[in-house]
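Visitor: I would like to learn how to read the features of a structure. Please take me through some of them in turn.

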Amino acid sequence: MPIPTRPRTVAVLAFDGMAPFELGCVVEIFGLPRPDLDVPWYDLSVCAETSGPLRVVGGFSMRAEHGLDVLAAAGTVIVPGVADVRGTVSGELVEALRAAHARGARVVSICSGAFALAAAGLLDGREATTHWKYADLLQRRFPAVSVNPSVLYVDGGDVLTSAGSAAGLDLLIHLVRKDHGPNVANAVARRLVIPPHRDGGQAQFIEAAVTPVEDDDAIARAMAWALGNLARPIAVADLAAVAHMSERSFIRHFKRQTGTSPLRWVISQRVAASLPLLETTAAPVEEIGAAVGFDSPVTFRHHFTRAMRTSPSAYRRSFSA
């Protein structure tokens, strides 16, 4: 859908008791001037419901310069969280979010911010996501929302939601990509030293903390070898041989470290490797699939669509330079 009116005016909500990370992500991407990119950049306003000092996790406080009137008038409105996922969202914030959306603004949430959007009714009948830890609660509190706990973010066009904290960066870079194209988004991602697109979803992080094992270096060596040989057939036996393990031991240690299987990881890396080729070259989709190791165009399209929720051709139309 078209970018909303005045898309470069971005407003982010600050609130008492907030954690600084999500707010900092928004400020880093939309608040820093970037004249070297040679595109009209964003005009960021930090807004709050009160003009008084706001307590921030970590033992400091801050004061926002703008109120909810500025939030409601922005072209892109970002809610980076709520103070209490079981609490009530204020009527004033609900009214501001509804007014912004009715005007045609993009309304965006990071992590628990989805609870504010849901309270405003903006997620009714839509797919949305939030931090996996809050997904069940969001579904129970707001049954009209279709909660997807597995993805990093959901782009609903005028309403967008992301999973926990760092997934907000994925969504914010996605917004830059939609507004300015892949080259600018990739440049911003490089400045932040993050990938312009992360494959997979947050399901890999659900109660799956990485456990150090003696074979960390061996698993890393096998992964590095695979990344250098994506164009050739790769079997578990090949990876296990590089790691100097039996196949059974390799699969067990790989799953403990990554939360997924070796072959699923290889597929995700192949999809990720295809993205810059789709964005920056005119090579046929069939050739790109073969170049990153898929044995047929049908297999490439299947795995690409499953991971990216769009086809390779549609992705190219949206994000080619």
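Visitor: Which residues of H6 and H7 meet?

Guide: A contact is a pair of residues with heavy atoms within 4.5 Å. In this predicted model, H6 contributes Leu169, Ile173, Val176, Arg177 and His180. On the side of H7 the partners are Pro182, Val184, Ala185, Asn186, Val188, Ala189 and Leu192.

Visitor: How many of the residues in the contact of H6 with H7 are nonpolar, polar and charged?

Guide: The contact of H6 with H7 divides into 9 nonpolar residues, 2 polar and 1 charged.

Visitor: At what angle do the axes of H6 and H7 cross?

Guide: Helix H6 covers residues 167-180 and helix H7 covers residues 182-192. Their axes cross at roughly 145° and come within 7 Å. The crossing of H6 with H7 is right-handed.

Visitor: Is His174 buried or exposed?

Guide: The cut-off for buried is under 20% relative accessible area. His174, a residue of helix H6, has 10% relative accessibility, so His174 counts as buried. Setting aside neighbours within four places in sequence, His174 is in contact with Tyr153, Asp155, Leu160 and Phe319.

Visitor: How do the axes of H11 and H14 cross?

Guide: Helix H11 (residues 262-280) and helix H14 (residues 312-319) have axes that come within 8 Å and cross at roughly 55°. That angle makes H11 oblique to H14. The crossing of H11 and H14 is right-handed.

Visitor: What is the angle between the axes of H9 and H10?

Guide: An angle of 65 to 115 degrees counts as roughly perpendicular. For helix H9 (residues 236-243) and helix H10 (residues 247-258) the axes cross at roughly 85° and come within 9 Å. H9 and H10 are therefore roughly perpendicular to each other.

Visitor: Which residues make the contact of H9 and H10?

Guide: H9 supplies Val236, Ala237, Leu239, Ala240 and Ala243, while H10 supplies Glu247, Phe250 and Ile251. Of the residues in the contact of H9 with H10, 7 are nonpolar, none is polar and 1 is charged.

Visitor: How many disulfides does a search of the whole structure find?

Guide: A disulfide needs a pair of cysteine sulfur atoms within 2.5 Å. The search of the whole structure finds 0 disulfides. For Cys25, the nearest cysteine sulfur is that of Cys111, 11 Å away, and Cys25 is in no disulfide. Cys111 is likewise in no disulfide, with the sulfur of Cys25 as its nearest, 11 Å away.

Visitor: Are these cysteines, Cys25 to begin with, buried or exposed?

Guide: Cys25 has a relative accessible area of 7%, so Cys25 is buried. Cys111 is also buried, with a relative accessible area of 7%.

Visitor: Where is Lys133 found?

Guide: Lys133 is in the loop between strand E7 (127-128) and helix H5 (135-141). The cut-off for exposed is over 50% relative accessible area. With a relative accessible area of 55%, Lys133 is exposed.

Visitor: What separation is there between the C-alpha atoms of Lys133 and Val57?

Guide: Lys133 and Val57 are 76 residues apart along the chain, and their C-alpha atoms are separated by 19 Å.

Conventions:
Residues numbered from 1 in each chain as written. Predicted model: local features only at pLDDT ≥ 70, side-chain atom pairs only at ≥ 80, totals over all residues. Heavy atoms only, no water. Axes fitted to C-alpha atoms, helices over the stretch in contact; angles between N-to-C directions. Helix = DSSP H or I, 4+ residues; strand = E, 2+ residues; numbered from the N terminus. Parallel < 35°, antiparallel > 145°, perpendicular 65-115°, else oblique. Left-handed = near helix turned anticlockwise from the far one by under 90°. Buried < 20%, exposed > 50% of the residue type's maximum accessible area, 1.4 Å probe, protein only. Nonpolar A, V, L, I, M, F, W, Y, C, P; charged D, E, K, R; others polar.
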